[in-house]
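Me: I would like to go through some labels used for this structure and ask what stands behind each.

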Amino acid sequence: MIEVPLLNVLATAVIEIAEKPEQAVPPPPYPPEAQRALDQVVLECLREKVTPPSGLPELISWCRTRPLDRWPLKLTDDEAEEAFGSGDLLIDRHSGMPTELCLEWKVDGGKDSAARQYDRRTIAVALQACRAVDSPESYTRFRRVLVDQPVLTRADWSELAGDLYLYPVKPLLEAIYPTAPDHYLSDGCYTPCERCRTLLVPLTHGGWWCERDQCRQQGPPTPGRPLPISVTGEVLQLRRPLRQFVTGPGRAEVGLEDALRDLGLAVEMWPAYDAYDLRVTFPDGHVWAIDVKDRVHPGLLGRKASPVPQTPPYNEACWVVPRYRVQGHHDYLGAFRRACPASARGLHLLVDDDLVRRARARLRGGRGPEARLDGEFDA
Ligand SMILES: [Zn+2]
């Protein structure tokens, strides 16, 4: 089911284009708002299994000729009544100008929320595709591709295309991995960030820029192995909202996975269609369930706190925050605790390295607070 905000994005895009003097559809690269609208409509079409618009010209033609109630957008009856009437268009058929309805749907600012929405929709479409074929492994595999490989060479792509688990999400992968733009090129090479795996932007006066705040805080970017296009051919890069909301936090999730595996523990990632992030099994069969929360603001995180879902089953559960988030704050854990609603009182938030320390203590036979997720002790 489509959430209403897609209409905000569409309307904003239509108005942005209509405001251009020539009133024509601009050639690619499209304005960001328009690209975002197109991306989201393509996602919805994939979900509804209808042919998506081939590009912005066709999307604009839909806006002008196709009443909103005949778009592949599913709204509940109540929402549809609020959203638009039968036969409503976003662009006036005759003048080519945005309709009043379109103006009412335009939003100012809110670009992050549009990006966030794209991220959520992508994950929802992936979950639906994997559930349809009853394959939680496909979802886990999909998630890992987004986290480990935000940049793909043609060779990487062929390898993924041959992965049977990824078959249900292949059309989705095609939609979310466009060709990397030229402004990432330097001396005929694309260069990924060693830390983040996303592409670095070459600066005019030398040096690099990494798009992740957290990476820039750690110091100058660390260029990874360059990808010369003469060798690798076209390079694909995951779309920005997914790099920001899936790849970034995902690096913290797999970092914790690696640390726990290094201890010899069995770790399942995103089990049962992402019920939570890590399911850790000790040699004696004791299970920890962990959700990693890579958030700047402990208060906002606390307000959203809720118990870790019960299935797949576990003995203990907690939320984990990466160390770098806590470092920048004088009392991150305390602020989180104070903001937690009563319904989440039993939920503990641990720093990632503290969790690894507790795992080590438990492996050594410890059963006290130092080896439990809810144990209070001075590390
Ligand atoms: Zn980086």
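Me: What makes Ser 306 count as touching Ser 343 and Ala 344?
Reply: Two residues are in contact if their C-beta atoms, placed from the backbone, lie within 7 Å. Ser 306 has such contacts with Ser 343 and Ala 344, leaving out residues up to four places away in sequence. This is a predicted model, in which local features need pLDDT of at least 70, side-chain atom pairs count only at pLDDT 80 or more, and totals for chains, interfaces and linings use all residues. Residues are numbered from 1 along each chain as its sequence is written.

Me: Where is Ser 306 placed?
Reply: Ser 306 is in the loop between α14 (298-303) and β11 (316-321); helices (H or I, at least four residues) and strands (E, at least two) are DSSP runs, numbered from the N terminus.

Me: What makes a set of residues a nonpolar core?
Reply: The members are buried Ala, Val, Leu, Ile, Met, Phe, Trp, Tyr and Cys residues joined through C-beta atoms within 7 Å. The largest such core has 56 residues, and Leu 10, Val 14, Ala 37, Leu 38 and Leu 59 touch the most other members. Its largest share, eight residues, comes from α1.

Me: Which residues does Leu 59 contact beyond its neighbours within four places in sequence?
Reply: Leu 59 contacts Ala 37, Leu 38, Val 41 and Pro 53.

Conventions
Buried ≥ 20, exposed ≤ 12 C-beta atoms within 10 Å, placed from the backbone.
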